[in-house]
Amino acid sequence: MSTETEIVSVLQYLDNKSILVIGAAGFLANIFVEKILRVAPNVKKLYLLLRASTDKSATQRFKDEILGKDLYRVLKEKYGPNLNQLKSEKVTVVNGDVSLEDLGLQDTDLEHEMIHQVDAIVNLAATTKFDERYDIALGINTLGVLNVLNFAKRCAKINIFVQVSTAYVCGEKSGLIMETPYRMGETLNGTTGLDINHEKKLVEEKLDQLRVTEASPETITQTMKDMGLTRARTYGWPNTYVFTKAMGEMIVGAKRGNLPLVLIRPTIITSTIKEPFPGWTEGIRTIDSLGVGYGKGRLTCFLGDLNAVSDVMPADMVVNSMLVSMAVQAGKQKETIYHVGSSLRNPLKNKKLPEIAYHCFTTRPWTNKEGKLVRVRNIEILSSMASFHRYMAIHYLIPLKGLALLNIVLCKLLDKSLKDFHRKINFAFRLVELYQPYLFFNGVFDDTNTEKLQGIVLKTEAETEMFYFDPTVINWDDYFVDIHVPGLVKYVF
């Protein structure tokens with residue numbers, strides 16, 4: 001039967017299934033787990049891999065960092081006092097670490113149970129910092145994938161492996177970007193010699209060298225951060241995050257054998273549009289740092305190509321596409337890639353962002369800690385790096401020189417102010433350097449595979465309503481003004 005004519009029930013697929021979720025404390029993983037517990041009461045078991053510190057057990061971490069979130073309030077309302085029973089029947093918290101072989105599992109009985117019970121593995125473990133230490137990013141985003149895959153191959157019943165990556169593994173490509181895999185050793189700039197084992201060796205050598213010279217923890221951190229950016233740029237990727245995620249894709253693609261593989265590549269993930277309720281978010285995501293800075297009155301300029309598109313996708317839609325792809329691809333011995341984004345079918349132009357931000361924070365200004373309303377003004381648009389450098393020179397670098405002169409005259413009385421000012425300017429330049437590829441990004445993500453999934457979901461009203469992920473239904477003005485920005489103000493500010 002061809003995939004096009006096939007109809008799949010996601011709820012039926014989830015019935016009596018045991019799913020191992022790796023990186024269970026993350027933003028997307030939380031929404032994924034909450035969704036299954038809320039809509040699929042017949043799921044057999046969710047094994048949640050959490051790294052636990054010595055003073056806090058994994059179970060405690062689950063209680064505090066996952067169940068304690070506002071995200072779970074709908075589930076708590078639905079089950080009331082029965083939630084504890086649901087939790088003890090359906091959820092098993094696993095103490096482990098993705099960056100270790102065999103996932104660092106200590107409980108051999110639990111390991112044995114999972115090997116015989118797990119039907120699906122969803123790997124959501126990631127460090128998403130653009131300039132993460134290279135040893136950490138490589139350990140989680142690349143070698144961690146291999147550790148999860150090796151565990152998957154030991155599982156007797158497994159019929160699907162889901163690797164959550166990012167659409168931005170494409171680097172700074174422009175034009176239409178297809179749902180195609182990266183093969184082992186492939187680079188974005190044609191430079192040859194990318195070898196993951198060699199990267200691992202380089203990291204080990206550099207760490208040894210730093211230990212021998214008794215480098216301070218700060219020096220080690222900075223050296224490893226710089227190393228990540230250097231290695232990424234050597235092969236054409238703009239930052240450590242997307243480089244290590246791309247290598248993770250290469251590993252899982254090359255070493256999966258016959259294991260059915262779904263590679264999910266979401267774009268910029270934003271707050272929930274509908275479920276479990278609109279506007280839930282956590283932490284400052286890529287695009288939100290601009291909104292938060294502006295709403296607090298700290299950001300006075302917007303840097304970016306106004307005609308370019310910001311590809312954003314609400315988190316609940318990303319989770320729904322994951323669940324549908326699992327049901328569709330389970331048992332099929334192939335690799336399928338899904339771009340989950342909006343740039344092709346419902347593009348959000350960058351020029352909308354300053355307009356929306358101005359509208360939001362003038363109609364509903366943010367109240368600061370002193371209880372004062374923060375008044376925002378129309379933001380200055382800088383549409384090129386040259387205009388950014390000019391802006392910084394006029395507003396910051398010239399005043400900085402004046403302050404430096406005054407400091408000399410006042411016998412270094414202003415040393416602290418000068419250092420603070422310097423630090424802020426350096427921080428702005430580093431931030432812009434890291435984000436620049438996305439502020440001037442001209443790629444559009446083809447999502448043919450993802451669009452096909454919409455035709456495969458069982459067309460009962462319940463399932464169509466439950467597993468929505470069509471970006472064309474989003475009205476960006478309404479979403480940002482009524483859902484996303486109020487969510488940011490509530491959960492992040």
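How many of the residues of helix H12 are buried? The legends below begin with this helix.

View 1. The structure is a predicted model, in which local features need pLDDT of at least 70, side-chain atom pairs count only at pLDDT 80 or more, and totals for chains, interfaces and linings use all residues. Residues are numbered from 1 along each chain as its sequence is written, and side-chain values use heavy atoms, with hydrogens and water left out. In H12, 15 of 15 residues are buried (under 20% relative accessible area, with exposed over 50% and partly exposed in between; 1.4 Å probe, protein chains only). Helices (H or I, at least four residues) and strands (E, at least two) are DSSP runs numbered from the N terminus. From first C-alpha to last, H12 reaches 21 Å, close to the 21 Å expected at 1.5 Å a residue (1.5 Å times one less than the number of residues).

**View 2. The largest nonpolar core.** Such a core is a set of buried Ala, Val, Leu, Ile, Met, Phe, Trp, Tyr and Cys residues joined through side-chain atoms within 4.5 Å. Among the 123 residues of the largest one, Ile19 and Phe32 touch the most other members. Helix H12 (residues 315-329) supplies the largest share, 10 residues. Beyond four places in sequence, the contacts of Ile19 (heavy atoms within 4.5 Å) include Leu14, Val43, Ala120 and Met326.

**View 3. The seven-stranded sheet.** This open sheet has the order S3-S2-S1-S4-S5-S7-S11, with parallel pairing; strands pair if DSSP finds at least two bridges between them. Strands S3 (91-95) and S11 (335-340) stand at the edges with a single partner strand each, so one side of each is left without a neighbour in the sheet. Strand S1 (residues 18-22) pairs with S2 (residues 45-50) over 5 bridges, and Ser18 has Lys45 of S2 as its bridge partner. Helix H5 (residues 83-90) packs on the sheet, where H5 touches S2 and S3 and makes about 55 degrees with the direction of S3 (axes are lines fitted to C-alpha atoms, for helices over the stretch in contact; angles run from 0 to 180 degrees between N-to-C directions).

**View 4. The surroundings of Thr127.** Thr127 lies in the loop between strand S4 (120-123) and helix H7 (134-154). Its relative accessible area is 9%, so Thr127 is buried. The side chains of Thr127 and Glu132 are joined by a polar contact of 2.6 Å (N or O atoms within 3.5 Å; within protein, one must be able to donate a hydrogen and the other to accept it, and residues adjacent in sequence count only if both atoms are side-chain atoms). Residues touching Thr127 also include Ile136, Asn141 and Tyr241.
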